[in-house]
Amino acid sequence: MTEIQFTKGHGTGNDFVIVADPDGELDLTDDQVAALCDRRFGIGGDGLLRVVRSARLPEGAAALAEEPGAEWFMDYRNADGSKAEMCGNGTRVFARYLLDTGLSELPAGSALPIGTRAGVKDVTRSETGFQVDLGRWRADAGDPLVRAKGLGVARPGLGIDVGNPHVVVALASEEELETLDLTVQPIVDPLPPHGANVEFVVPQGVKDGIGRIRMRVFERGVGETLSCGTGTAAAALAVRDWAGAGAPDFWRVEVPGGTLGVRMFPTEEGEHVALSGPATLVFSGAVALA
Ligand SMILES: N[C@@H](CCC[C@H](N)C(=O)O)C(=O)O
């Protein structure tokens, strides 16, 4: 049986098994990922981050073509073993791992480019830990309806892509958010071609120029998690859209695992959205691969 080294990390309670595989020698099956992420029989995690040199992975070629400095690729897998394009909390935890293990450096004022299936993402330091520029976002057509246990009637959702697909649903009150039962997967109709992460939000108004939101999420390939970084970005974009002209470009999103910052800013290629928050490594060990 092969034994591998791992580190456990999290960003606002969205937790990951981190496996260093610099030379791309570890081809983990979906079942192996699911076993490592199992909370009873494995290490436990919402997902797995494989740390691999972009040059050693076929998917890394596009990252290197976009940004030759993107030495490291975040091979992200959901807890069920499925691949996802992006993970916002994951990129911050990935950056923390690269820096703490000495695989990369991030001098003050510079950016660390990380390869992902949704393109290269620049990570910089921020007051609360790290900021990741998620790049351009886009509204998805389809106007899905969302049914969730505990909600009664179906609610309209707004499809937003921030590298991975999301559907955001506004709830009427904190009570609705609390009584929502996310042990059962919400039904999205029509479901976007590659599925969706579903965010339930309660806007909390604007204070000191910063929009506030409370959010819970059901992640594609995982279930309810304590936080979803790309989900908070989608939530802020949706609430800003619903609020109309004059809504802020700075948002604070409260999730069960903590608070994340979201900011929208113009660039030459169009508006970008960035996510900021903490990233923590918790422990390391060795585990046998099933
Ligand atoms: N937790 C993540 C998103 C992880 C991927 C997601 N489950 C998907 O399938 O798109 C985040 O912090 O963004």
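Because the model is predicted, local features need pLDDT of at least 70 and side-chain atom pairs pLDDT 80 or more, while totals for chains, interfaces and linings use all residues. Residues are numbered from 1 along each chain as its sequence is written, and side-chain values use heavy atoms, with hydrogens and water left out.

Let's begin with the ligand. Around it sit 15 residues, the closest being Asn14, Gly88, Arg220, Gly229 and Thr230; a residue belongs here if one of its heavy atoms lies within 4 Å of the ligand. By class, that shell has 5 nonpolar, 8 polar and 2 charged residues (Ala, Val, Leu, Ile, Met, Phe, Trp, Tyr, Cys and Pro are nonpolar, Asp, Glu, Lys and Arg charged, and the others, Gly among them, polar).

Now look at individual atoms. The side chain of Asn14 has an N or O atom 2.7 Å from a nitrogen atom of the ligand, and Asn78 brings a polar side-chain atom to 2.9 Å from a ligand nitrogen. Polar contacts here are pairs of N or O atoms within 3.5 Å. The protein covers 100% of the 360 Å² of accessible area that the ligand has on its own (Shrake-Rupley method, 1.4 Å probe).

Which elements give two or more residues to this shell? They are strand E4 (72-78), helix H3 (88-100) and helix H5 (229-243), where helices (at least four residues) and strands (at least two) are DSSP runs numbered from the N terminus. Domain 1 (2-134 + 278-289) and domain 2 (138-270) both contribute shell residues, so the ligand lies between them; the bounds come from an automatic or database domain assignment.

Finally, the backbone. Most residues other than glycine have a negative phi, and most peptide bonds are trans. Thr12, in the loop between strands E1 (3-11) and E2 (14-20), has a positive phi of about 45 degrees. The peptide bond from Asp189 to Pro190 is cis, with omega near 0 degrees, and Pro190 is in the loop between strands E12 (187-189) and E13 (197-207).

Conventions:
A polar contact is a pair of N or O atoms within 3.5 Å; within protein, one must be able to donate a hydrogen and the other to accept it, and residues adjacent in sequence count only if both atoms are side-chain atoms.
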